[in-house]
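The following briefing concerns the protein chain shown below.

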Amino acid sequence: MAEALKLAEQGRTTTTPNPNVGCVIVKDDQLIGAGYHQRAGGPHAEVHALLQAGSAATGATAYVTLEPCSHQGKTPPCADALIAAGVARVVCALVDPNPQVAGKGLAALRAAGIATEHGVLASAAEQLNLGFLKRMRTGRPRVIVKLAASLDGATAMASGESQWITGPEARADVQRWRAQSCAILTGVDTVLADDPALTVRLPDCSRQPLRLVLDSHGRIPLDAQLLRMPGTTLVLHGEHLAAERVAALQQAGYRPVGLPLVDNRIDLNALLDWAGHEQLNQLWVEAGATLAGALIGSGNTDEVMLYQAPLFLGAQTRPMLANQWHSLADGVRFSVLDRRMIGQDVRMRLRPIHD
């Protein structure tokens, strides 16, 4: 199973909206087949492994990181493929919470006389697919808010100057996290101030995450750099935005999406429900203090990724969050999932503590 999990990791940047899955087939203590799900619409991990194993799969044990699917999607059910191959036993790490599967794959295998087992290295398999699993269980994506700051908590000088607070190693690390996400979310103020590209700039990048810009009133420039970048940019605007402006956004090359407003801003709950409906497993948020603060303060953040550089910037700066809490009790506390050096910067992965 550990080998199957290593294989599954190879699909982290390419399988969206599907989960990352690996499979190995073992017979007489010999690995005879191995594979992983490489991209949505392509063969699943079990199919790759069975092709490699060939006729030797008869009587073998298949180790799969997620329950084999039992429904017809873009590809045939993997449970049927395992049955047809004549495997004797299937061990999976997790039962798939997808309502289309949810135990049906294992039941089909058992009905065909195949021994099944689940729960092997389940915790490691869970970590591999946090976004997919959350979407299947709640209908919403996993939300990671990325912040980069000085030792005294500044994200930029008061003038807006911010390039670069963190070092090149931290910025490269951000690229890898972008690549693993289904979409990158920002606010229109960030676009107006920085004109960012919000792309994955890795040499082996084969997929660009969607770019989502929260823009309640359609203020985004019609010539923003985003439009010249590979991939698709969606402008999430208030649902009552004037039709003429919506048409202009579309003609410029954006994909406009109307969402309800609350207090003159995009309703974050509606945003996350929409993202789940769009099959987005993980949102990577790179935004200013207002949007980052709104997501964290409203309890709509699963993780904060904080990169902290070894420098002080003093009082004439911009804060990480725009929230105006008035007591310690109002603040958001976190548990530290991981802390490590990335070049000269410290990266902390933080999970909000909910009472």
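Across which strands does helix α4 lie, and at what angle does it run to β5? Helix α4 (residues 104-111) lies across β4 (89-94) and β5, and its direction makes about 155° with that of β5. Axes here are lines fitted to C-alpha atoms, for helices over the stretch in contact, and angles run from 0 to 180 degrees between N-to-C directions. Contact means heavy atoms within 4.5 Å. Helices (H or I, at least four residues) and strands (E, at least two) are DSSP runs, numbered from the N terminus.

The model is predicted: local features need pLDDT of at least 70, side-chain atom pairs count only at pLDDT 80 or more, and totals for chains, interfaces and linings use all residues. Residues are numbered from 1 along each chain as its sequence is written, and side-chain values use heavy atoms, with hydrogens and water left out.

**Domains and their interface**

- The domain assignment, which is automatic or taken from a database, divides the protein chain into domain 1 (1-131) and domain 2 (139-352).
- Nine residues from domain 1 and eight residues from domain 2 take part in the contact.
- The C-alpha centres of domain 1 and domain 2 are 34 Å apart.
- About 860 Å² is buried between domain 1 and domain 2, with carbon and sulfur atoms giving 51% of this area; buried area is the accessible area (1.4 Å probe) that two parts lose on being put together, summed over both.
- Of the area that domain 1 buries against domain 2, Thr-13, Thr-16 and Gly-131 supply 49%, more than any other three residues.

**Five-stranded sheet**

- Five strands form an open sheet in the order β2-β1-β3-β4-β5, with mixed pairing; two strands pair if DSSP finds at least two bridges between them.
- Strands β2 (30-36) and β5 (115-118) are at the edges with a single partner strand each, so one side of each has no neighbour in the sheet.
- On average, neighbouring strands of this sheet are turned by 15° against each other, direction ignored.
- Strands β1 (residues 22-27) and β3 (residues 61-66) run antiparallel and are joined by four bridges; Val-26 has Thr-61 in β3 as its bridge partner.

**Nine-stranded sheet**

- A second open sheet, of nine strands with mixed pairing, has the order β11-β10-β9-β8-β14-β6-β15-β18-β17.
- Its edge strands, β11 (255-259) and β17 (334-342), each pair on one side only.
- Five bridges link β8 (residues 183-187) and β9 (residues 210-214) in the parallel sense, and Gly-187 stands opposite Leu-214 in β9.

**Annotated residue**

- An unreviewed UniProt entry annotates Glu-46 as "active site"; positions are given in the numbering used here, feature names are shortened, and annotations may be inferred rather than shown by experiment.
- Glu-46 is located in helix α2 (residues 45-53) and is buried at 3% relative accessibility (buried means under 20% relative accessible area, exposed over 50%, partly exposed in between; 1.4 Å probe, protein chains only).
- Leaving aside neighbours within four places in sequence, Glu-46 contacts Cys-23, Val-64, Leu-66, Pro-68, Cys-78 and Leu-82.

**Backbone features**

- Thr-16 and Pro-17 are joined by a cis peptide bond with omega of about 5°, and Pro-17 lies in the loop between α1 (2-9) and β1.
- Ala-102, in the loop between β4 and α4, has a positive phi near 40° although a residue other than glycine, and is partly exposed at 41% relative accessible area.
- Asp-263, in the loop between β12 (261-262) and β13 (265-266), also has a positive phi, of about 55°, and is exposed at 73% relative accessible area.
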